[in-house]
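Here is a short report on a ligand and the protein around it. Look at the model first, then read on.

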Amino acid sequence: MEKPKKFYLTTPIYYANSRPHAGSAYTTIVCDAIARYKRMRGYEVAYLTGTDEHGVNIERAAEKLGISPAELVDRNQKIFRDLWKLLGIQQTHFIRTTSTEHARAVQTLVRRTLRRTPHAIYKAKYEGRYCIYDNLYVSDSPEPANCQICGRPAELISEENYFFRLSAYQDKLLALYRERPDFVEPDFRLNEVKSFVEAGLKDVSISRKSIKWGIPWPDDPEHVFYVWYDALTSYMSGIGFGQGADGDAGPEFKKFWPADLHMIGKEIIRFHAVYWPAFLMAAELPLPDKIFAHGWLLFEQEKMSKSKGNIAHPEPIVKAFDEIAGANVGNDALRYYLLREVVFGQDGNFSREALITRYNADLANGLGNLASRVLAMIESYFESRVPEPTSDSSITKFVSSSLESIAREHYDRYRFSAAVRDVWRLIAQVDAYLVQEQPWKIAGDPVHRPRLREVLYSAAEALRIIAALAHPVLPDATQQIWRCLGQPGRLADLQLDSLAWGGLKAGTRITKPDAVFPRVEVEELSERIEAMENDIRNPAAAAGGPGAGAPTAAPAGTGSAATTAAAPGAGNAKITIDDFAKVELRVGVVKSAERIPNADKLLKVFVDIGDEVRQVLAGIAMAYAPEDLVGRKVVVVTNLAPRKMRGQESNGMLLAASAGADGKPVLCTFAEEIAPGSKVK
Ligand code: MSP
């Protein structure tokens, strides 16, 4: 009998001292696509993620906030869980390093190591420089040094530690890389790792005495484990290592270990490809099958990172897409962009404009449009029943042959951008086929009925196959298309091996979808994302301070303000007079105004509010010419937190009504003479 296929993959466990951004979510989204793909290839998948909750940086972050480390990590791990839920991530296991089962696993691992390879661990004095932000031993000398990862000055550490004898593993590691050249991918990363090991390995300290927030060393509780020893063990504790009757392993561990894939970002390769296999060799445990190090998501050519402030968060992207498109498309849009735009393994740049442009071009105009057209024609010409084809069409072969290559050559090798590119080639091919055959032209002529059947059957069957192939990347939209094609159950349960041309049965009842990916306006969506992003950066304002919340944070008269003003929940709640008094309104007189390049809706308005002239960006360009505004009296919200749009700062907001069905802005003004700066209340 064939052995059941299993696949165990992991993301790194995330530091729980800050909230995740799009760069951190990248690893998780990639793994989710792999997990979904593997399930569609018949594997039982275990997919682990979690939070890395120990270490001095957590201790210090909590201190700054005046709370305990336990409270901090409790709060933050929930942000991760909530985000993974919002992003539709289907992890099967979530491990927290502060859990008791994890602590037991770490202690079990070290005990086992001491039993099996007693000389692998010893006690000695450590003096060196340590980066608290990256948890990295930067240098083994007390001389000042900067961290190789973040560039910040490393701290001096001088204490007695337990050491792991990494130096004894140099030859074994080199043999591993030689015998299993795909242990690390991409291959250029393996070369980096090899060179590092060839240059000689120093023993590493795996305990700390100076901090308390960690897992105690067994029988020597003055020491806690070095966070990387602790964190790496999560890959095993998360599936039950240290839980079984023999102390070493539970049934899930026995089933899934060794991991098939540790997916990581490139900056943590050394921990995974050097330390981790050495720790496992010393404990006489099987090594993972593969470490894959992907590149970074860059923001303006730099690694996205909280300390640099160049961050895009996933929540505003997903929520703003859903809101502006009026459909559940945000997740698919983000996943598609990340997996298509970034050549997997390399660094890739993140740009909000490129994200929205790709959505409109590839999802709305591409897949969404194809699905709507094909299904609408079957509804009109065949009373919503899939027609019976007479023969194979010219796209049959193309689709059938792509099927195999997309799965085996691309998905199997984690080449997402190539997989997605080829699925979109199929879409282009079907589009071209329809343009060539023009079913809408021959539909009225009974002579052409057989050809019409063939064309629409082929287009619908191609659409079914495209939906299945795109499912790991676009789980929401493809499920909708699947259902509209009259296919039963969850597309996720389909086995790709059984996917072949001809699976769509003639006579199947289809339904026409609502727009699968409604088109969005780049500027409107971009502004909405920016407003939500500002709420994350400035939570106090979002929670009720001046200019609080998404609805009022957008400038008056922009499409987004009009949309959010009518958003559910924003309309009916009553506020007190004190709430209203928090908003400072003043009379302003416009001194000058100008257009903003590439922003159709925005004007930059300079407005005199009595004691100063403010720069305010207002979404009124569709309704007012800049020159017509000069001298106009307006109402300005003057205590709104400044915010940036299109790289320009806006310092306030102009009040405007939203007129008619298209929400055209009409500025509030005064009929009487009134001095700039006068209070409005
Ligand atoms: N806690 C360690 C991992 C321990 S695993 C035993 C850690 N955490 S992290 O939160 O800093 O990073 C988690 C993942 O997010 C890593 O794979 C990291 O590479 C990834 N990313 C964080 N910022 C990133 C980008 N800007 N771009 C792509 N991935 C990045 O490291």
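## Around the ligand

The ligand has 24 residues around it; Ile13, Asp52, Gly265, Glu267 and Leu297 come nearest. A residue is near a molecule if one of its heavy atoms lies within 4 Å of it. This is a predicted model: local features need pLDDT of at least 70, side-chain atom pairs count only at pLDDT 80 or more, and totals for chains, interfaces and linings use all residues. Residues are numbered from 1 along each chain as its sequence is written, and side-chain values use heavy atoms, without hydrogens and water.

The shell divides into 13 nonpolar, eight polar and three charged residues. Here Asp, Glu, Lys and Arg count as charged; Ala, Val, Leu, Ile, Met, Phe, Trp, Tyr, Cys and Pro count as nonpolar; the others, Gly among them, are polar.

## Polar contacts and burial

A polar contact is a pair of N or O atoms within 3.5 Å. A side-chain N or O atom of Asp52 lies 2.7 Å from a ligand nitrogen. A backbone N or O atom of Gly265 is 3.0 Å from a ligand oxygen. The protein buries 94% of the 660 Å² that the ligand exposes when taken alone. These areas come from the Shrake-Rupley method with a 1.4 Å probe.

## An open sheet

Four strands form an open, antiparallel sheet in the order S6-S5-S7-S9. Strands are DSSP runs (E, at least two residues), numbered from the N terminus. Two strands pair if DSSP finds at least two bridges between them. The edge strands, S6 (136-139) and S9 (204-205), each pair on one side only. Strand S5 (residues 121-131) pairs with S6 over three bridges.

Note on methods. A polar contact is a pair of N or O atoms within 3.5 Å; within protein, one must be able to donate a hydrogen and the other to accept it, and residues adjacent in sequence count only if both atoms are side-chain atoms.
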